[in-house]
Amino acid sequence: MRYTRTQNTINVILRKGVKLHLFKPSNRRIWTIVGRNNEYWVDPENNFCSCKDYYFQTLSGKEKCYHLRIIDIAKRKKLIDSIEFSDDEYTIFLKALISDIYFSTTR
Ligand SMILES: [Zn+2]
């Protein structure tokens, strides 16, 4: 495997990095994982992640990227940092997230 993550890294992310943004009253959900340098948009329901591993490994059927795996662990251990927003903030939030992802991949 190209990327080996230590248990330590996983623990650090589990402590604070798995965020569930919950928009009310529609209950729309956006999951993100804050990594060392970037924030990733992860959608466990649709098995999607915005990282490069997802593109090269998950889409080619090899295995889930480690963000998708971390969300599974975080759900099991209930280590999710859940933040509520109002639906009014949804578009602004999405724009900011997408532009973060855009700049982190073009840097
Ligand atoms: Zn990922």
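User: What is the mean pLDDT of the chain, and what share of its residues reach 70 or more?

Analyst: This is a predicted model. The mean pLDDT of the chain is 87, and 94% of the residues reach 70 or more.

User: Where is confidence lowest, and where is it highest?

Analyst: Helix H1 (residues 7-16) has the lowest confidence, at a mean of 75. Strand S1 (residues 18-24) has the highest, at 97. Where pLDDT is low, the predicted coordinates should not be read in detail.

User: How far apart are Pro25 and Asp87 in sequence and in space?

Analyst: They are 62 residues apart in sequence, and their C-alpha atoms are 6.6 Å apart.

User: What makes S1 and S2 a pair of strands?

Analyst: Two strands pair if at least two bridges are found between them. S1 and S2 are joined by 6 bridges, so they pair; the two strands run antiparallel. Leu22, for instance, has Arg29 in S2 as its bridge partner. The hairpin of S1 and S2 has 3 residues between the strands, and Asn27 takes a positive phi near 70° there.

User: How do you know that S3 and S4 pair?

Analyst: S3 and S4 are joined by 2 bridges, and the cut-off is at least two, so they pair. They run antiparallel. Val42 has Cys49 in S4 as its bridge partner.

User: Which residues touch the most other members of the largest nonpolar core?

Analyst: They are Val18, Ile33, Val42, Cys49, Ile70 and Ile71, in a core of 14 residues. Strand S2 (28-34), strand S3 (39-43) and helix H3 (66-77) each supply at least two residues of this core, and H3 gives the most, with 5 residues.

User: Which residues is Ile33 in contact with, leaving aside neighbours within four places in sequence?

Analyst: Ile33 is in contact with Ile13, Gly17, Val18, Tyr40, Val42, His67 and Ile70.

Technical notes:
Residues are numbered from 1 along each chain as its sequence is written. This is a predicted model: local features need pLDDT of at least 70, side-chain atom pairs count only at pLDDT 80 or more; totals for chains, interfaces and linings use all residues. pLDDT is the predictor's confidence in each residue, from 0 to 100. Helices (H or I, at least four residues) and strands (E, at least two) are DSSP runs, numbered from the N terminus. A nonpolar core is a set of buried Ala, Val, Leu, Ile, Met, Phe, Trp, Tyr and Cys residues joined through C-beta atoms within 7 Å. A residue is buried if 20 or more other C-beta atoms lie within 10 Å of its own, exposed if 12 or fewer, and partly exposed in between; C-beta atoms are placed from the backbone. Two residues are in contact if their C-beta atoms, placed from the backbone, lie within 7 Å.
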